[in-house]
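Have the structure open as you read.

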Amino acid sequence: MAVAIVLSITKYSDTGSVVHLYTAEHGRMQYVVYGNKSKGVLRPLSLIEFTATRRKNAPNQLGTLSSVSLLYTPQLLTTDIHRQCVAMFIAEVLVATLRHPMSDQPLFEWLCQVIRCLDQDADISNLHLNFLLNYATFLGIGIDETQHSEWFLVPLSRLQRQQRLRELCAYYEEHIEDFHPPKSLDVLMEVFD
């Protein structure tokens, strides 16, 4: 059994979906899952345990998830629209930036902590900003605090938070090839308005 963070789920056929996962051992992976056996388990930013199979004669084809069990999912996502929007934003950033199957145990553990913050932190109004600031270091594009000291200041007003979010997304666009601001960015800004 392997442990993974669910990044996204995309409909593949009438009976199947492609699930994008991030694991500590193998980085980003994708598998096909058939039927509804894991419908409630496979939500973005859920932590799962899974087994999968790949055909030996077709190693480049998608493998199939054999079994899936839920280890953790932020419970407050079902009732809190602010947390849902932050989670959606974080998941979209991860999908856009975690592109390769590379092992990175420290990143995996840090992402698990971020996911738990969606439940445990009373105030998440800056969680997405802190995520972008810290995640940049894992991506190798760390933000120089001496050049962008204003990005590290708190507390922030609503307008400062929106401006900071735009600036950080622009920073990611400038430093990561083919990165585009997540579609959830506008929703996130509206919800925290």
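## Strands and how they pair

A word on terms before we start: two strands pair if DSSP finds at least two bridges between them. Keep in mind too that this is a predicted model.

Strand S1 (residues 2-11) runs antiparallel to S2, and the two are paired over 7 bridges. One of the contacts to look at is Lys11, whose bridge partner in S2 is Ser17. Getting from S1 to S2 takes a hairpin of 4 residues.

On to the next pairing. S2 and strand S3 (residues 27-34) are also linked in the antiparallel sense, over 8 bridges. Here Thr23 has Gly27 as its bridge partner in S3, and the hairpin that joins S2 to S3 goes through 3 residues.

## Strand S2, covered on both faces

How many residues of strand S2 (residues 16-23) are buried? The count is 8 of 8, so the strand is mostly covered, given that buried means under 20% relative accessible area.

Look at which way the residues point. Gly16, Val18, His20 and Tyr22 go one way from S2, while Ser17, Val19, Leu21 and Thr23 go the other way, and all are buried. Ser17 is also the bridge partner of Lys11, and Thr23 is the one that partners Gly27 in S3.

## The salt bridge

Side chains of opposite charge can pair when their charged atoms come close. Searching the whole structure turns up 1 salt bridge. It joins the side chains of Asp80 and Arg83, at 3.0 Å from N to O.

Are the two partners buried or exposed? Arg83 counts as buried because its relative accessibility is 6%, under the 20% cut-off. Asp80 has 22% relative accessibility, so it counts as partly exposed.

## The cavity

The count comes to 1 cavity of 30 Å³ or more. The largest cavity has a volume of about 50 Å³.

Which residues line the largest cavity? They are His128, Arg158, Arg161, Gln162, Leu165, Leu188, Met189 and Phe192. By type, that lining divides into 4 nonpolar, 2 polar and 2 charged residues.

As for where the lining comes from, helix H4 (158-175) and helix H5 (184-191) each supply at least two of its residues. H4 gives the largest share, with 4 residues.

Conventions: Residues numbered from 1 in each chain as written. Predicted model: local features only at pLDDT ≥ 70, side-chain atom pairs only at ≥ 80, totals over all residues. Heavy atoms only, no water. 1 Å grid on protein atoms, 1.4 Å probe; cavity = no way out; pocket = protein on both sides within 12 Å on 5 of 7 lines; lining within 4 Å. Points joined across faces, edges and corners; volume = space filled by probe spheres on them. Nonpolar A, V, L, I, M, F, W, Y, C, P; charged D, E, K, R; others polar. Salt bridge = Lys/Arg side-chain N within 4 Å of Asp/Glu carboxyl O. Buried < 20%, exposed > 50% of the residue type's maximum accessible area, 1.4 Å probe, protein only.
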